[in-house]
Amino acid sequence: MSDTITIVGQIKGILESKIFGTNFEVREFWVEEIEGQYPQTFSIQATQGKCNILDNFKAGDAVEVKCNLRGRYWQKEEKEGVMNSIQMWQIQKVNAQPTQQFAPNPGYNQNHAQQEYKATNTNNSTQFMPVNQPDDLPF
C-alpha cells in the first residue's frame, strides 16, 4: 500500500509549534477539502524543519499538501492502541477552484418540481399527487 496522499483544500487553521522531548518539533494545521459532496477536514502535522514553512501560509489559503499516512501500534502497561497521523512533506498554494456543481439527474423533469400538488389521505397515510395529472398506477 502506498502511504503517500495528496490533499487539495483550504487551510482552516494553523496552530503553534510544540516541542516534545528535548528537540522534536511538531506543528499542526487543518485543511478542508475543496472537492467532494461532503467536505472533509484533516488535521495534518509538519515536523522538525518543515514547521517554519507554515509561516508562509494563513487561514483561507487554497493549498495542495503532499503527505504520508503514518500509523504506529503502542503498548503501555496493560493498555494498547494505534496512533495514526498525516505528516506533510510538501505544501504549495494553488488557485482556488469553485465548489463542484452537481448536475441534476438526467431523468429529472424540472417542470415536475414546479407542479402544484394536493394531499390525499389513504389508509392512514398522506400522499401528494400532482394536480391535473392522471394517476398511472395499475391499482
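**Reading the terms in this model**

Q: Among contacts in the protein chain between residues at least 6 apart in sequence, what percentage join residues at least 24 apart?
A: The figure is 49%, where a contact means heavy atoms within 4.5 Å. This is a predicted model, in which local features need pLDDT of at least 70 and side-chain atom pairs count only at pLDDT 80 or more, while totals for chains, interfaces and linings use all residues. Residues are numbered from 1 along each chain as its sequence is written, and side-chain values use heavy atoms, with hydrogens and water left out.

Q: What makes up the protein chain in terms of helices and strands?
A: There are one helix and eight strands, in the order β-β-β-β-β-β-α-β-β from the N terminus.

Q: Why is Ser85 called buried?
A: Buried means under 20% relative accessible area, with exposed over 50% and partly exposed in between (1.4 Å probe, protein chains only). Ser85 has 18% relative accessibility, so it counts as buried. You will find Ser85 in strand S6 (residues 79-93). Leaving aside neighbours within four places in sequence, Ser85 is in contact with Gln45, Asn68, Leu69 and Arg70.

Q: How do you know that Cys67 is buried?
A: Its relative accessible area is 0%, and Cys51 is buried with 0% too.

Q: How many disulfides are there?
A: The count is zero, a disulfide being a pair of cysteine sulfur atoms within 2.5 Å.

Q: What makes a group of residues a nonpolar core?
A: The members must be buried Ala, Val, Leu, Ile, Met, Phe, Trp, Tyr or Cys residues joined through side-chain atoms within 4.5 Å. The largest one here has 15 residues, and Ile44 and Phe29 are among those that touch the most other members. Strands S1 (4-14), S3 (24-33), S4 (41-47), S5 (62-76) and S6 each give two or more residues to this core. In soluble globular proteins, nonpolar side chains tend to be buried together.

Q: Which residues lie nearest the centre of the largest pocket?
A: They are Val26, Gln45, Met83, Ser85 and Gln87, out of 17 lining residues. Elements giving two or more residues to the lining include strand S2 (18-20) and S6.

How values were computed. Helices (H or I, at least four residues) and strands (E, at least two) are DSSP runs, numbered from the N terminus. On a 1 Å grid over the protein atoms alone, a cavity is a set of points where a 1.4 Å probe fits but cannot get out, and a pocket is an open set with protein on both sides within 12 Å along at least five of seven lines; lining residues have an atom within 4 Å of a point.
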